[in-house]
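Okay, everyone, thanks for coming.

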Amino acid sequence: MLLPPANWLPQAPLQPLRLDWLESAGVEVAILRLDQIDPLISGNKWFKLVEHLKTAERAGAEGIISLGGAHSNHLHALAAAGKRLGFKTVGLLRGHPQDTSTVEDLHAFGMQLHWLGYAGYRARHEAGFWTPWQERYPTLHAVPEGGGGLAGALGCAAIMRQVDEQLAKLGWDDFDAWWLACGTGTTLAGLALADSGKRSLYGALAVPNDHGVAPNIESILAQAVGPVASYRLIDASRRGFAKVDQTLMTFIEQTEQVSGVPLEPLYTGKALLALKQLVESGGFAAGTRVVFVHTGGLQGRRGFAATP
Ligand SMILES: Cc1ncc(COP(=O)(O)O)c(C=O)c1O
């Protein structure tokens, strides 16, 4: 497998986010634009993949096999990385064949796809799930859904370094809290490991509470050797993963117009709306400084419209 040069680290700008509801509350927010690191391998995805790719390379693998849905940002970034860096990719997909824009891209990037149905996909956590796939693709390294696990989290330490390096340009000596969308919680766990207790972490859940985010974060943090930052999970899912409503879509449209920051409805739009709700309910004292991590995912907004 080919990895990018060791000194290749995509850089995300940290920018002030000026919105009237923040100014009214006296809360300062800076946004880390992970959506801008690369046209295709964007958002938190590269950071979650990088340690998995190193493990695959050490194991002498020829590529990666992983899982996701028909709109998966993770599979999209993985397939794009495979095409660019020249390694083989196989995707195991939830449900039955459908032609979303994401799936069209996966084909175009050369990812080989297998549709598992819904029951077949639910079996992904069962012991023995990977055995037939490893027999079929013995030269590929398996990466869990969403690029998760400890390896996925460890790659996210670089996100913290990128923020710390840019604080001075905002005139900040430090900040109080992180705010980011959570799907599996891997990125948040990575920041909790890296930050080791300096700032609080807020995870805006893009999935319902019973989707196992907290246990997933705990199982990653249980492997930490040093102190970890405290975190709080907030339900931002708005009745379920990928459920989109008019309030959300209007908020996204207005915020994009005022700030120029593109958002998508599944993760970043919901996370920012949840921040607004907390700020407006007085959850942050005036003078609080927050870093909002834009986790990307903009490829996934193609074809999304409000549903009642
Ligand atoms: C755009 C976007 N933001 C946030 C997340 C959540 O990241 P994590 O699974 O690490 O919680 C994901 C993927 O799950 C994503 O695609």
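So, where's the ligand? It sits in the largest pocket. Keep in mind that this is a predicted model.

Which parts of the fold build that site? The elements giving two or more residues to the shell around the ligand are α2 (45-58), β7 (177-182) and α9 (186-195). And if you think in domains, domain 1 (14-43 + 156-301) and domain 2 (45-149) both supply shell residues, so the ligand lies between them.

Let's go in. We have 15 residues around the ligand, and the closest are Asn-73, Thr-184, Gly-185, Thr-187 and Thr-295. What's the make-up by class? Ten polar, three nonpolar and two charged residues.

Thr-184 puts a polar side-chain atom 2.6 Å from an oxygen atom of the ligand. Thr-187 also has a polar side-chain atom 2.6 Å from a ligand oxygen. With Thr-186, it's a backbone N or O atom, at 3.4 Å from an oxygen atom of the ligand.

Terms used
Residues are numbered from 1 along each chain as its sequence is written. This is a predicted model: local features need pLDDT of at least 70, side-chain atom pairs count only at pLDDT 80 or more; totals for chains, interfaces and linings use all residues. Side-chain values use heavy atoms; hydrogens and water are left out. A residue is near a molecule or strand if one of its heavy atoms lies within 4 Å of it. A polar contact is a pair of N or O atoms within 3.5 Å; within protein, one must be able to donate a hydrogen and the other to accept it, and residues adjacent in sequence count only if both atoms are side-chain atoms. On a 1 Å grid over the protein atoms alone, a cavity is a set of points where a 1.4 Å probe fits but cannot get out, and a pocket is an open set with protein on both sides within 12 Å along at least five of seven lines; lining residues have an atom within 4 Å of a point. A molecule sits in a cavity or pocket if more than half of its atoms lie within 2 Å of its grid points. Helices (H or I, at least four residues) and strands (E, at least two) are DSSP runs, numbered from the N terminus. Ala, Val, Leu, Ile, Met, Phe, Trp, Tyr, Cys and Pro count as nonpolar, Asp, Glu, Lys and Arg as charged, and the others, Gly among them, as polar. Domain bounds come from an automatic or database domain assignment.
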